[in-house]
Amino acid sequence: MDKQMKGVGRLVLGAAMMVVGLGAAQAQEKVKVGLMLPYTGTYAALGNAITNGFKQYVEENGGKLGGRVVEYAVVDDESNPAKATENARKLVSRDKVDVVVGTVHSGVALAMAKVARDSKTLMIVPNAGANDITGPLCSPYVFRSSFSAWQPSYAMGEALAKRGIKTVATVTWKYSFGEESVAGFKEAFEKGGGKVVKEMTLPFPNVEFQPFLTEIASVKPDAVFVFFAGAGAAKFVSDYAAAGLKSNIPLYGPGFLTDGNLDAMGGAGEGLLTTLHYADGLATDRDSVFRTKYAEAYKIQPDVYAVQGYDAAQMFDAGLKAAGGDPSKKEEVIKGMAAATIDSPRGAFTLSRAHNPVQDIYLREVKGSENVVVEVVSKSLEDPARGCKM
Amino acid sequence: MDFASFLIQTLNSLQYGLLLFLVASGLTLVFGIMGIINLAHGSFYMIGAYLAFVLTSATGSLMLAIALGIPLALVFGAFLEWALFAHLYKRDHLEQVLLTYGLILIFEQLRSLLVGDDVHGVAIPAFLDASIQLTEVMSYPVYRLAISVVCIVLAVALYFVIQRTRLGMMIRAGNDDRSMVESLGININMVYRIVFALGVAMAALAGMLASPISSVFPNMGSQVLIISFVIVVIGGIGSVWGALVAALIVGFADTFGKVLVPELSGIVVYVVMAVVLLWRPEGILKKG
Amino acid sequence: MNAQTSFILKLVALAVIACVPLSGESFYIELVGKVLVMAIFAMSLDLLVGFTGLVSFGHAAYFGIAAYAVAILSPQYEAASLWYVLPASIGLAALAAFVIGLFVLRTKGIYFIMVTLAFAQMAYFIFHDTPLGGGSDGTYLNNKPSSAIFGWEPFDLNNEIHMFYFILVTLIVVYLFLARVLQSPFGRVLVGIKSNEHRMQSLGYFTFRYKLGAFTLAGGLGGLAGFLYATLFGFVTPELLSWHESGNVLLMVILGGMGNLAGVIAGAFAFELMREVFADITKYWQLLMGGVIVAVVLFLPGGLAGIPGRIKRAMHGGESK
Amino acid sequence: MSQTNNKEVLLQADKLTRRFGGLVANQDISVTLERGMIHVLLGPNGAGKSTCINMLSGDLPPSEGKIHFMGEDITRLTAAQRSQVGIGRSYQRTNIFPQFSVLENVRLAAQSRRQDPWRIFSKAMEAKWALEKARACIDEAGLGKRVDWVSGVLSHGEQRQLEVAMVLATDAQVLLLDEPLAGMGSEESASMVEVLKRLRQTRGILLVEHDMDAVFAVADMITVMVNGQLLECGPPAQIKASVAVQQAYLGTEESFHV
């Protein structure tokens, strides 16, 4: 029975400790920002970049947003959707934050969006591109400072059709982001007269691409459109080049294909064209200042994720200012954010009725370790926000 | 699928299967001889890839990195066996699962602390950085062929070690009956340490070899781990030849599954495993 | 300690937990509610690991299948009846466990661990890769099941306090149910199988049937926990079936000491508490977590209440094949 | 072999052969067991006695040969199925549930006769028939005073008795006992011999045993095995007189009393 005693004893102790620590007092005259981002696991680098970007804007404003001192509550979401609701709840109910900023992983972001909607808490998505967030699941409380999966891919579809490419094969991981990207591309490309001749998918995060390369070689399309990101993208691009396909069948994709992983490709990415809402070499004053400051503060070059974090802070700042600095006036904060024009390093953007950025999409070319802008392929591209009843 | 594509896909299957064999063979030896289930085996693959990245950056050559990395992995394996795994032989499988599960968390976090969370590439050695033209648009990287060759050489070497050397005799005996080995006066603890270190080194070597084509990234070990489990189950625990056959089966199933039944490609290898379980619950080549 | 003291302590623990909603803090009500769900999940696994000696490393599959069943069976714009989705989701999880059990129970030891893992991985890919459950991003349960029977609604799961007590009562029912099952002839056979399956066979037991029964039952109860999880959070994702979840629930079982239902409940609390505390301390909390796990295994063999395990090892001279 | 007429043949093994890889552990072993008889398998270590008993109990499938129980071919039956038809066995290494009480060990054995796994709500301890049967078998095996002890703490001899009680509780017609006397003191040994004699009256017993005194005290029939081969089979007197047995086995004094 000794083990029983231990068991029960621990049970009591555990329960008691859960109850303790309830009344974390809430600070006044501050604004509380909840950062729910990945700090461990595959997307840790992205989570850090977003955090850096956000904090940089706050620092530029003397540690304040909307005139109030910013206080952070930080949660590592581990990119684990299974814990997402709980983590979001922690920020919303326990820490009582005024805004939740997160996250990278779309599944986690969807869970967070539900919490934000249910609890009427303001939320800014600084990366996750799932169309649904500003589509069927849109909400007055949910904003996005990044993009929808549809945007860069649709722009690429238009661009390729315009360039007279007739047939395209697609490859992506079989998960929502990839499938939404391919769908967005296909929509624009086939509208412009092209044809997607072969759609291939492989389980996420499988990176054994060789069979698909062989298949591409036997189908011989005019071009290949892929959605991959991070390490998988680096591997795909390297494999594509090593298989000798790069010189025969041009490869295109949304910018994640070549973002943050060019070093890992070891030159195989050189010359690739991708579409995204940010690029290197924009050469605007806004961007140059941002990049200089960022590099000084964090000793690394900023990337698109840092920009998205930076803009999340800008958006919230705009909302707060409209509400006279009072985050409890949610209606006014929301109105202020929705109406704002954000002076982003990527170029100014506004927000759609579903709260997704209406922004320029750049065509970029890989040169060395940079994605250098070629041109704006879609001016002020707005996500159609299908299914949004707002 | 035309004939040329079929041949190339076969080549792809072989290459993928052989690389998997390198990881799975260490796993199956550790399972079979030491009776230990090691979830951290995938981490050794990850560690190998990161070693390749770090050492290649430092020395400028993948070859040199591998030459340095293998002894490091051996020492690391022997150390782990001494410090941790030696305490697990008489424990439940459940505790082995937990300890090695804890190790995964530790290894991943240490990796994050030491090397960061970025994706890195490793350059292919210059003399292997070429391609062979197969069809008018498709060519095959020489480095991939080189990997296959190295894997085959290692498989043959492993065969030689197990069949022809005193160590191999001990390994075979240990695989069959632990008490018999002890009664022969063999220091079983030393056999275990060597086998474990070898297993770690093979997984790390697989990671090093794969690093130029897979790049180096966080959590890269866990994908390899589960597919290795499937291989060990199909091949039979403790059977190196089973692992070879099973790895090739998985290589073919995965490659052709992706092309022929793309909707189901995620589960093809598991279906193969289920069929093998029905047919031969102990694996297609139990022991050997 | 006699049975009476143990009983009183359990009641006290229960009373403390039952008081959680009095705090009025919805975060803690939900958090403790979630821990209770995980405790049910852990108890279901304990039936296999602690009482039958089957170390399943794929138990999250049944949790996730039932969670998906709730989301898929519920209509999009209205609430499904609790009395339909609850048995249906448990039944589907149990059915999955039965079918998978037919395969995995043909194996033993290390094989069993790996094969359960592999089948759970297969289930993971089914939800991850098919549109069945919203793919990789998961899917919402927009309306929690309604408890209405012929117009009368005894409780409302949208109310967080009702939800909490619904979970707590379910936990108590599962606890009593399992305690009773373990007293039954069936339960005694399971314990016999854990101790020495071969001997049970030579006594004439068709142990496969008993193990299949236990596996199915554990799958169904794991499904019950999955049902509660989906209802509590209203969001399901393929990650619920991932091997990390299977590993976590195993950790709860061993932390509490396998083969001890009350201990396993404590294990669930200890595990979640540890995660919370470590994650608050440092960004590198997984290092601490891993360290604790390794230390527990090395220095507390058989978990905190591993006495039966030690006797077993002493009797079998260390062979655990 | 057939001098005991009018007796019911319970177990008949014909030309059992078992190979492990290249090693032949048993070759063409035939054994017949009748009701009311104790048949002893005798042989030096490594003669293949355990392999033989394992084939009879279903723990090892034979490579060749047939086994019949009361006229039915049981060669393909599993150990559990053989237990159900009436063949019970004990093991050379004590094989009980050490953390259970003596009563629970035997009750579990008794319960195996009525398997209804779906009854998960009744209490095992309330099934009177199983408890009564368990107590009766414990008494029959001479362990009456140990009913409530935890079996793990019993003396070695008592654990052997417990094994016999467990086999009895399964209603076995045939008892396959692997060295039931091994490791026993002379007193324990004598009482076990008495138990065996009592049990023989209604059942058939196949015994693997080393203790020569006990063997000749209880055996009705003896089969001598050497190197996996059947050397001689007959009543004790015939075995004592056999030149072949003496040369091969009885001559080597040291293996007599283990």
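Predicted model: local features only at pLDDT ≥ 70, side-chain atom pairs only at ≥ 80, totals over all residues.
Residues are numbered from 1 along each chain as its sequence is written, while chains are lettered from A and ligands numbered from 1 in the order in which they are written.

**Helix 11 of chain A**

- Helices (H or I, at least four residues) and strands (E, at least two) are DSSP runs, numbered from the N terminus.
- Helix 11 of chain A covers residues 304-322, which makes 19 residues.
- A residue is buried if 20 or more other C-beta atoms lie within 10 Å of its own, exposed if 12 or fewer, and partly exposed in between; C-beta atoms are placed from the backbone.

**The sheet in chain A**

- Chain A has an open sheet of six strands, in the order 2-3-1-4-5-6, with mixed pairing. Two strands pair if DSSP finds at least two bridges between them.
- Strand 2 (64-65) and strand 6 (142-144) of chain A are at the edges. Each has a single partner strand, so one side of each has no neighbour in the sheet.
- Strand 1 (residues 30-37) and strand 4 (residues 99-101) of chain A run parallel, joined by three bridges.
- A:Gly34 has A:Val100, in strand 4 of chain A, as its bridge partner.
- Strands of a sheet pair through backbone hydrogen bonds, either parallel or antiparallel.

**Which chains touch**

- Four pairs of chains touch, and chains A and C have the most contacts among them. Two residues are in contact if their C-beta atoms, placed from the backbone, lie within 7 Å.
- Chain A and chain D do not touch; their nearest C-alpha atoms are 14 Å apart.
- Chain B and chain D share no contact, and their closest C-alpha atoms lie 12 Å apart.

**Where chain B meets chain C**

- On this interface, 35 residues of chain B are in contact with 39 residues of chain C.
- On the chain B side, helix 4 (93-115), helix 9 (220-235) and helix 11 (268-279) each supply at least two residues.
- Helix 4 of chain B gives the most to that side, with 14 residues.
- By class, the chain B side has 24 nonpolar, six polar and five charged residues. Ala, Val, Leu, Ile, Met, Phe, Trp, Tyr, Cys and Pro count as nonpolar, Asp, Glu, Lys and Arg as charged, and the others, Gly among them, as polar.

**Chain D and its domains**

- Chain D has nine helices and 10 strands.
- Of its 258 residues, 48% count as buried.
- The C-alpha trace of chain D spans about 60 × 40 × 40 Å along its principal axes.
- Chain D is divided into domain 1 (1-86 + 174-258) and domain 2 (96-171). The bounds come from an automatic or database domain assignment.
- The C-alpha centres of domain 1 and domain 2 of chain D lie 26 Å apart.
- Between the domains of chain D, 11 residues of domain 1 are in contact with 11 residues of domain 2.
- Helix 6 (residues 186-200) of chain D gives the largest share of the domain 1 side, four residues.

How values were computed. Expected span 1.5 Å × (residues − 1).
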